[in-house]
Amino acid sequence: MTDTARIQDSIHEQDEYNFAYLDEQTKRMIRRAILKGIAIPGYQVPFASREMPMPYGWGTGGVQVTAAILGRNDCLKMIDQGSDDTTNAVSLRGFFEKTAGVRTTCETAEATIIQTRHRIPEKPLTGEQILVFQVPIPEPLRFLEPRETETRKMHALEDYGLMHVKLYEDIARNGHIATTYAYPVKVNDRYVMDPSPTPKFDNPKIDRMAALQLYGAGREKRIYAIPPHTKVRSLDFEDYPFEIQQFDKPCGLCGADNVYLDEVILDDEGGRMFVCSDSDYCEERRAQGHLGPMAADPAAARIGTKEPA
Amino acid sequence: MTLFHAEDPLLQVRNVTRYYGDRIGCSEVSFDLWPGEVLAIVGESGSGKTTLLNCLSTRLAPTAGAIEYRMRDGAMRNLYQLSEAERRLLMRTDWGFVHQNAADGLRMNVSAGANVGERLMAVGARHYGNIRSAADDWLGRVEIDSDRIDDDPRSFSGGMRQRLQIARNLVTQPRLVFMDEPTGGLDVSVQARLLDLLRRLVADLGLSVVIVTHDLAVARLLSHRIMVMRQGNVIETGLTDQVLDDPREPYTQLLVSSILQV
């Protein structure tokens, strides 16, 4: 038995934490907000967000949602920027291992609850799974209309011209819609929603997704949801239709096409590689024998891709 | 000029009263406004003209009284019995509101083109090219160069901002425009140019206008009819020339005689 496991056991014996940290009344309150959110797809439900033992910006909203829906038989996966092994993912996974003692995994297919920051897994999710998003700023209209009273009214009256003003500005300044993340969507032909800071590459996955999507914003105290198989349309203009990012090379490690790639700087001489942002997907493909051009040794392959200084 | 060709009033105001606690903002104001008519509300600061304008434009609920507006379908509707959604639609299609301070009426952090296009997008325009050409057209009509279409209003002079605000309001072809001291804070040559422009647009588009001003020269140039307010009450109304050339009330006489002569 490792030290960590021993500490965990002793905590559970002493009953220091309630299951999944939050007390049961708080969970009920959050579940009510979640149910309301599911009933009104895309509507931001205010909830009494709690102080969590981590700073705002670390995913306190997502953590509270996960804590409220987590059961003892659930298997939890934590993603940060597509990866299972970055600080945020490791810390939050550790948090739930410690406070709930649930099974955790890095494999998308195995998880029943996936909490994510920024990415939606490349592997299609099923109706048995729930995707929980950590949201920093839930209000898509915020940057153009600072008054909360006004944005709420705009949602209530479906007064969404302003959202297109933002897209208009994009085209006027850049010649195309330059918003690449937190790209506004219209849910079920009613509410305009900010799909958290996910890259717009993932927007098509939100549309009619089989899994339930829950969005939690801890600092802003809002929860919203997209029920399974709900229509979600990315906003655009008739002559400037919505399009996702294109990558001209496959993943350097697993050779996957049509996935979202991260740029990895290899040295200070312009060496770089592009790899799957979804680390689990990449590993699984490599285990199946798919190899990208730099799979053997990224450092050795870098001569080939080095760009002129 | 063909003025009052239409048969029915566009706006019917009856006994509009607004109290701020015990104090009177405006009291028992009644008038009719016909299509194509420009009505000036004049008076000194604190006389209740802006309160009245805000009541008329549904920005401030009156304490008592009724305001009816003829919708595009010809039916008279009480403005304060409309739903908020209907009122908003009215404000961004059939109406315009030109603020004294252009920054209140513009989005200062988006380009001039987006400022003009916002109303179009709000009523459902989703074709970038069309929105942009409409914006370009309107900038031209208010004498702003095409190459400023992607600039922020922050980089515009006071007069340009005011003209941009006017373009932004007129792009949906409203029938009624409220103006609160549209020339306030502009120097006289810029004022003259703006007044010229307003006069032309109002005549070309057959707009009805309710304009609040303390500047009798503005009232003289733009308006057909004038309403003089003092301490929340309307003390004199009539045709502009008649009131200004032959004021009846002592207070109006005082106002007219206090215009600086150069």
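Predicted model: local features only at pLDDT ≥ 70, side-chain atom pairs only at ≥ 80, totals over all residues.
View 1. Residues are numbered from 1 along each chain as its sequence is written, chains are lettered from A and ligands numbered from 1 in the order in which they are written, and side-chain values use heavy atoms, leaving out hydrogens and water. The side chain of B:Asp137 meets that of B:Arg141 in a salt bridge, with 3.8 Å from N to O (a side-chain nitrogen of Lys or Arg within 4 Å of a carboxyl oxygen of Asp or Glu). Both residues belong to helix H5 (residues 128-141) of chain B, where a spacing of 4 residues separates them by about one helical turn (helices are DSSP runs of H or I of at least four residues, strands runs of E of at least two, numbered from the N terminus). B:Arg141 is itself partly exposed, at 29% relative accessibility, and lies over the face of B:Trp138, at 4.1 Å from the ring centre (CZ of Arg or NZ of Lys within 6 Å of the ring centre and within 35 degrees of the ring normal).

View 2. A:Asp159 and B:Arg88 form a salt bridge whose closest N and O atoms are 3.1 Å apart. The pair joins two chains, because A:Asp159 lies in the loop between helix H5 (148-156) and helix H6 (161-174) of chain A, while B:Arg88 lies in helix H2 (residues 84-93) of chain B. A:Asp159 counts as buried at 11% relative accessibility, and B:Arg88 also counts as buried, at 17%. Both take part in a network of salt bridges that links A:Glu150, A:Lys153, A:Asp159, B:Glu84, B:Arg88 and B:Arg92.

**View 3. A salt bridge across distant parts of chain A.** In the salt bridge between A:Glu284 and A:Lys123, the closest N and O atoms are 2.7 Å apart. These residues are 161 apart in the chain, A:Glu284 being in helix H8 (residues 279-287) of chain A and A:Lys123 in the loop between E4 and E5 of chain A. A:Glu284 is partly exposed at 30% relative accessibility, as is A:Lys123 at 22%.

**View 4. Aromatic contacts of A:Phe95.** The structure holds 16 aromatic pairs over all chains (ring centres of Phe, Tyr or the six-membered ring of Trp within 6.5 Å; planes under 30 degrees apart are stacked, over 60 edge-to-face, the rest tilted). The rings of A:Tyr21 and A:Phe95 form a tilted pair, with centres 5.5 Å apart and planes at 55 degrees. A:Tyr21 lies in the loop between helix H1 (3-14) and helix H2 (24-39) of chain A and A:Phe95 in helix H4 of chain A, so the pair ties together parts 74 residues apart in sequence. A:Phe95 is buried, with a relative accessible area of 13%, whereas A:Tyr21 is partly exposed, at 25%.

View 5. Seen in strand order, the open sheet of 7 strands runs E1-E9-E8-E5-E4-E2-E3 in chain A, with mixed pairing (strands pair if DSSP finds at least two bridges between them). Strand E1 (45-46) and strand E3 (103-104) of chain A are the edge strands, each pairing on one side only. Strand E8 (residues 212-217) and strand E9 (residues 222-226) of chain A pair in the antiparallel sense over 5 bridges, and A:Gly216 has A:Ile223 in E9(A) as its bridge partner.

Technical notes:
Buried < 20%, exposed > 50% of the residue type's maximum accessible area, 1.4 Å probe, protein only.
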